[in-house]
Amino acid sequence: MLTSLSDAKVSLDDQDLAQPCPKNAIARLRVLATTDLHMNMASFDYYTDRADPTVGLTRTASLIRQARAEADHANITTLLLDNGDTLQGTPLGEFAQPDDGQPHVMVQALDLLKYDAVGLGNHDFNFGLPALDTALAHLKCPAVNSNVHRLDNQKSWVPYTILKRNVTADGQDWPLSIGVFSVLPPQAMDWDAHLLRGKVEIDDILSAAQQAISTLKAQGCHLVIALAHTGLQETTATPNLENAAIPLAALKGLDAIIAGHTHLLLPSPAHAGLKHVDASTGMVHGKPTVMPGSAGSHLGLIDLALIADGQGGWEIDSATTELRPIFERTDTGQPFPLVPEDAELTQLITPFHTTTRKNMQRPVGASTHPFHSYFTYFAPDRGLTQVAVAQAAALRAYISGTSYADLPLLSASAPSKFGGRAGPEHYTNVPAGPILLRHVADLHVFPNELHGLIVTGAQLRDWLEMAAGLFHQIHPKTEGAPLINPDVPGHNFDVIFGIEYQIDPSHPARFDLKGDLVDPSYHRIRNLSYKGQPVNDSQEFVVAVNNYRANGGGHFKALTTARPVPVPSRLIQHIVRDYLMGRLPHDPIADLPFPWHFTPQNQTRTTVHTSPSAALFLDEVQYMAPIALEQDDEGFVRYSLML
Ligand SMILES: [Zn+2]
């Protein structure tokens, strides 16, 4: 009788919904993910003005459509998520800043591809909060970040979101609530201090994640997914980790992770040997995790089989992860595409793409010699000189007439395209002849601003020692040891112009990767001098430098106590352009020799790798007696060099 009474109160449909899915029934959910797209929308390199099959959301979009079609065919629900560092990167990002009320082209693309949620990365803050707010205003899906807190009342992103979807099991649809939160490195506060200080606060990744998970669980989420704009590095939880994905995975209540920030791949051997990480299955502390490269190079997939508990709850029964690449390489290292560019997305971006190409072809100057970064780690790099000279000219103008004007002026620059994870095409290469705007962006890729620092001779020396940590220790009279430590990002190899010094790689590095002193007796910097005189510890200099380094980026601890010089906020790219156009006076640093070379070693050869295109410039390093060795799997050519 009771049954019939309750039957009378609810309609048949409502009753069906109220009944839980039978125990042990299996439902499937497919999570698709991109990360670190960095405005790589077209499969195109604006610096060389050529097609580039290794990048481009237009190709990833084809993988997304394929993966969705497979899932639809098998009655599997899909989600599409992005993990941040989306709005900054290629020159398209510079020319796509909307000023006419139109949605940002990347936001239009995310909407077109029907993303379900988008996390924020540190680089999404590079153009400042107003630009980010404008871009996100048009985004149809939630923009999520859980550890950057606004101090004003703007709310262009949410701390977490709950996606309510249906999954199929036992021949019927059942409701599933998926909680999504997002975190990014708290170091972003320092990297973009000039844009963020006093405007936001950034919490520790792990404590913010813990809080988000508790909230999402309390709100009845069946599953919790982290959009973790952070890499896999540290294996234990300590406060303020930049790369916290491993301890993050250990948090109870978290079910799956999209990692990023370091632009690496997971699953892939790139993460082999890390504690708690199965690099071949993508399990971190047993939780399915993907890191889909960067620039759209890969689509990440997490396929979950969910088992019903008979009371409306679901648990993960099994999980698999996969990365699908947009390209492969031939035996000779040539990349070729595996999927076509998506026609609809290509059509959407074409006007922006065309405008960017046209703008990038504007001439700004001329050069009698080429600029390239193929040998940037071991031989003079004229591109670094060009950037440093322009920075010096701008800073000299800003400080003229101030109390800083009497100090010796130096300028620091570091390579911004150096192969590495981005592949053997990712080098600066500007031919002799007219310098176009795209070449300026090729010389300095990042949207960094110019800063000035007052440093002592002692700080200067430790700055250079930290940069010299790029090199492995090379023992004299040996042959074949690799010169470069791949764990040091190339953009931390600062070269300081206006002084002269030598680097001695036969000694161990003075600082470790975190910037901690290894041993006070370790020194690699030799014969540091200014105008022919040895630099003493208390001597003061004013140094032109980018905001990333001035704010302590790259663990250069000597700089945390350096005094800033007030300068107006200007992009280094614009300063380089203005110098080439003759809008800034010729700077005396342009007339100095390249500041450093290796201390000569006795019968010692080392190996380096660079682009196959470097072969055209080998005459520049004849004094190192280069011998070409074999090409590696990623398409880099190895050379043996005499030190
Ligand atoms: Zn990134």
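Modeller: Before we start: a strand here is a DSSP run of E with at least two residues, and strands are numbered from the N terminus. Keep in mind that this is a predicted model.

Colleague: Fine. So where in the chain does P267 lie?

Modeller: P267 sits in the loop between β13 (265-266) and β14 (277-278). The peptide bond joining L266 to P267 is cis, with omega at about -5°.

Colleague: On to helices. At what angle do α5 and α11 cross?

Modeller: Helix α5 covers residues 105-112 and helix α11 covers residues 343-360; their axes come within 10 Å and cross at roughly 170°. Angles over 145 degrees count as roughly antiparallel, so α5 is roughly antiparallel to α11.

Colleague: Which residues make that contact?

Modeller: From α5 you have V105, Q108, A109 and L112, while α11 brings E344, L345, L348, I349 and F352. Sorted by type, the contact of α5 with α11 has 7 nonpolar residues, 1 polar and 1 charged.

Colleague: Let's zoom out. Into which domains is the chain divided?

Modeller: Domain 1 runs over 27-352, and domain 2 over 364-608. Taken over C-alpha atoms, their centres are 33 Å apart.

Colleague: And how many residues of each domain are in contact with the other?

Modeller: The count is 24 residues of domain 1 against 22 residues of domain 2.

Colleague: Now pockets. How do you see where empty space is left?

Modeller: You roll a probe the size of a water molecule over the atoms, and that shows the empty space. In this model, take the second largest pocket, with a volume of about 570 Å³.

Colleague: Which residues lie nearest the centre of the second largest pocket?

Modeller: Those are T48, R50, Y374, E425 and S613, out of 24 lining residues. By type, the lining of the second largest pocket splits into 9 nonpolar, 10 polar and 5 charged residues.

Colleague: Which elements and domains supply the lining of the second largest pocket?

Modeller: Strand β3 (50-51) and helix α13 (437-443) each give at least two residues to the lining. Domain 1 and domain 2 each contribute at least three.

Notes:
Residues numbered from 1 in each chain as written. Predicted model: local features only at pLDDT ≥ 70, side-chain atom pairs only at ≥ 80, totals over all residues. Heavy atoms only, no water. Axes fitted to C-alpha atoms, helices over the stretch in contact; angles between N-to-C directions. Helix = DSSP H or I, 4+ residues; strand = E, 2+ residues; numbered from the N terminus. Parallel < 35°, antiparallel > 145°, perpendicular 65-115°, else oblique. Contact = heavy atoms within 4.5 Å. Nonpolar A, V, L, I, M, F, W, Y, C, P; charged D, E, K, R; others polar. 1 Å grid on protein atoms, 1.4 Å probe; cavity = no way out; pocket = protein on both sides within 12 Å on 5 of 7 lines; lining within 4 Å. Points joined across faces, edges and corners; volume = space filled by probe spheres on them. Domains from an automatic or database assignment.
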